[in-house]
Amino acid sequence: MFELGWLEIGIIGVIALVVLGPERLPKAARFAGLWVRKARAQWFAVKSEMERELAAEEMKASLQAEREAIRDAVKQLDDEARELQSGVREATRNDATPSTGANDPAADPKPPVP
């Protein structure tokens, strides 16, 4: 914020001593210190509140991304389940219809031996 070196602080102290005098200078220094502490405390409170808000927003964004990933996975699983169900239905239909396989006596080209 303010860049004050030792030289600047010394000059301010000498000017304050001349203006206020040795009787009122300690009381003014305590008063100034009190206000600096209050201002610093307020600054840190605002800073920590902003950091908490940013962390909360980042958490919300992360949760939203995870929700989208879960929705995509659920949709993919639903699609695969539908494909499996249709495959099972197709297989049961094929099993229910008569086929000309090796176990079918009508399809056997050899006549039975008497």
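Predicted model: local features only at pLDDT ≥ 70, side-chain atom pairs only at ≥ 80, totals over all residues.
Colleague: What makes α1 a helix, and which residues does helix α1 span?

Modeller: Helices are DSSP runs of H or I with at least four residues, strands are runs of E with at least two, and both are numbered from the N terminus. Helix α1 covers residues 6–96, I15 among them, and A28 also lies in helix α1. The protein has one helix and zero strands.

Colleague: Why is the contact between E68 and R71 called a salt bridge?

Modeller: The term requires a side-chain nitrogen of Lys or Arg within 4 Å of a carboxyl oxygen of Asp or Glu. The closest N and O atoms of E68 and R71 are 2.9 Å apart, so the pair qualifies. Side chains of opposite charge can pair when their charged atoms come close.

Colleague: Which other pairs form salt bridges, and at what N to O distances?

Modeller: D79 and R82 meet at 3.1 Å, and E90 and R93 at 3.4 Å. D79 and R82 are three residues apart in helix α1, about one helical turn, and E90 and R93 are likewise separated by three residues, about one turn of helix α1. The search of the whole structure finds four salt bridges, including these.

Colleague: How do you know whether R82 is buried or exposed?

Modeller: Buried means under 20% relative accessible area, exposed over 50%, and partly exposed in between, with a 1.4 Å probe and protein chains only. R82 has 52% and is therefore exposed. Over the protein, buried residues make up 1% of the 114 residues.

Colleague: What makes the residues around I15 a nonpolar surface patch?

Modeller: Patch residues have over 30% relative accessible area and no salt bridge; like charges are joined within 9 Å, and nonpolar side chains (Val, Leu, Ile, Met, Phe, Trp, Tyr) within 5 Å. L7, I11, V14, I15, V18 and V19 make such a patch of about 630 Å². The accessible surface of the protein is about 11,000 Å², with 64% belonging to carbon and sulfur atoms.

Colleague: How is the lining of the largest pocket classed?

Modeller: Ala, Val, Leu, Ile, Met, Phe, Trp, Tyr, Cys and Pro count as nonpolar, Asp, Glu, Lys and Arg as charged, and the others, Gly among them, as polar. By that rule the lining has ten nonpolar, two polar and no charged residues.

Methods:
Residues numbered from 1 in each chain as written. Heavy atoms only, no water. Areas by Shrake-Rupley, 256 points an atom, 1.4 Å probe, with all protein chains shown as cover.
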